[in-house]
Amino acid sequence: MGDLQATLDSVRDLVIDGSPHAVALGMRAVSLTPELAVAELPYSEKLIGDPKTRVIHGGAATALLDHVSGMAAFAALGGEAAPATLDLRIDYFRAAEPGKTLVAEARPRMATRVVAWIDALVHDGDRDDPVAVARAAFMVPEANVEQARAARAAREGGG
Amino acid sequence: MTEDDLSRALARSPYASFLGPRCELRGDALVMVLPYRERLLGNPLTPALHGGAVSAFMELTATAQLFVRVGAERFPKTIGVAVDYHRIGRPRDTYARARITRLGRRVANVRVEAWQDQLDEPIATLHGHFLVRPRAEAAAG
C-alpha cells in the first residue's frame with residue numbers, strides 16, 4: 001500500500017467523473033485529503049427549485065453534501081473502495097443566494113476500519129455563514145471492496 | 001388539488017424536472033415514482049443510485065404531500081431531514097410515499113419511505129421537519 005495522499009490525488013477527479021449523478025448536477029472536486037474533502041456545485045438553471053426566487057433546490061445541496069461526505073469517508077477509510085451512506089442528517093439554515101457557487105466541506109470526525117462518521121457543511125461564499133450542515137455515517141460494503149480489488153488488478157495487469 | 005395540479009407545480013421547478021419524478025394521487029394520498037435514468041447513478045460499477053438523488057427524491061415527496069394537504073401556493077421549505085439508507089438503490093424505478101405525522105400551524109413533521117421491489121423492504125427512509133407557512137401567513141391565517 002503506497003502513500004495515501006498519492007492515492008487520493010490520483011482519484012480526486014474520478015470521485016466526481018465516475019459518478020453520473022455528480023457529473024449531471026455539475027459538481028467539481030476541489031481537494032481530497034485524509035482530513036478534508038471539498039467539492040463545489042456551480043449555480044445553474046437546472047438546479048433551481050422555485051423559478052420565482054431562482055434559489056437552488058435543497059435537494060441539490062443534499063446531493064452535494066452526500067457526495068462530499070462520501071469523498072471524506074473514502075479517504076478516512078483508506079482510499080480503496082467506494083463507501084455507501086448509512087445515514088445522513090441535514091439542517092437547512094437558509095436559502096443559498098441565487099447565482100452563487102455552492103461549496104461543501106467534509107471532515108471525518110471518527111473512523112474505524114469499516115465505518116466513518118463525517119461532519120459537513122455547505123456555504124455560498126462564507127464558510128462561517130453556512131447554508132446547511134450535515135452529519136453522516138458511511139461504511140464500505142463487501143461488494144465494493146471486491147470491486148475495487150478487481151479494478152486495481154485490471155489496472156495493474158493492463159499497465 | 002388534482003394530480004394534474006401537482007404535476008404542473010412540479011414541472012415548474014427546474015430541479016424537480018431534472019430528477020424527473022411522476023406523481024400518482026389517490027384522494028389526497030400521494031405515491032411518487034422516480035423513473036430510472038442513468039444520470040441518477042452514484043456508482044455505475046455497483047451499480048447504485050446516488051444517495052443524494054434518493055434523498056432529494058424523498059424530500060420532494062414530503063414537500064409534495066404537504067403541498068397537496070395544505071393546498072399552499074408554494075412547496076414548503078425544509079428545516080431539517082434525517083435519512084437512513086437500508087439497501088442499495090438498483091438501476092430501476094423507485095417509489096416513495098409520505099406520511100404527515102403532525103401538521104402544525106407553521107411546522108409539519110413528515111416520514112417518507114422509498115422502495116423498489118417491495119414496500120416492506122424500503123431502500124431508504126426519511127423523517128423531517130418542514131416550514132408549512134412563514135410567520136406572517138401563520139399569524140394571519
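Where is the place of Thr63(B)? Thr63(B) sits in helix H3 of chain B, helices being DSSP runs of H or I with at least four residues and strands runs of E with at least two, numbered from the N terminus. The model is predicted, so local features need pLDDT of at least 70 and side-chain atom pairs count only at pLDDT 80 or more, while totals for chains, interfaces and linings use all residues. Residues are numbered from 1 along each chain as its sequence is written, chains are lettered from A in the order in which they are written, and side-chain values use heavy atoms, with hydrogens and water left out.

Thr63(B) counts as buried because its relative accessibility is 6% (buried means under 20% relative accessible area, exposed over 50%, partly exposed in between, with a 1.4 Å probe and protein chains only). Leaving aside residues up to four places away in sequence, Thr63(B) touches Phe75(B), Pro76(B), Thr78(B) and Phe130(B), where contact means heavy atoms within 4.5 Å.

Helix H3 of chain B (residues 51-70) lies across E5 (84-92) of chain A and, in chain B, across E1, E2, E5 (77-85), E6 (94-103), E7 (107-115) and E8 (124-131). Helix H3 runs at about 50° to E6(B); axes are lines fitted to C-alpha atoms, for helices over the stretch in contact, and angles run from 0 to 180 degrees between N-to-C directions.

These strands belong to an open sheet of twelve, ordered E1(A)-E2(A)-E6(A)-E7(A)-E8(A)-E5(A)-E5(B)-E8(B)-E7(B)-E6(B)-E2(B)-E1(B), with antiparallel pairing (strands pair if DSSP finds at least two bridges between them). At the edges are E1 (28-32) of chain A and E1 (22-26) of chain B, each pairing on one side only. On average, neighbouring strands of the sheet are turned by 20° against each other, direction ignored. Helix H1 of chain B (residues 3-11) also packs on the sheet, touching E1 and E2 (29-34) of chain B, and its direction makes about 155° with that of E1(B).

On the chain A side, E1(A) and E2(A) (residues 37-41) run antiparallel and are joined by four bridges. Arg28(A) stands opposite Glu40(A) in E2(A).

Turning to the whole of chain A, there are five helices and eight strands, following the pattern α-α-α-β-β-β-β-α-β-β-β-β-α along the sequence. The C-alpha trace spans about 55 × 30 × 25 Å along its principal axes. Of the 159 residues of chain A, 47% count as buried. Among contacts in chain A with a separation of 6 or more, 60% come from residues 24 or more positions apart.
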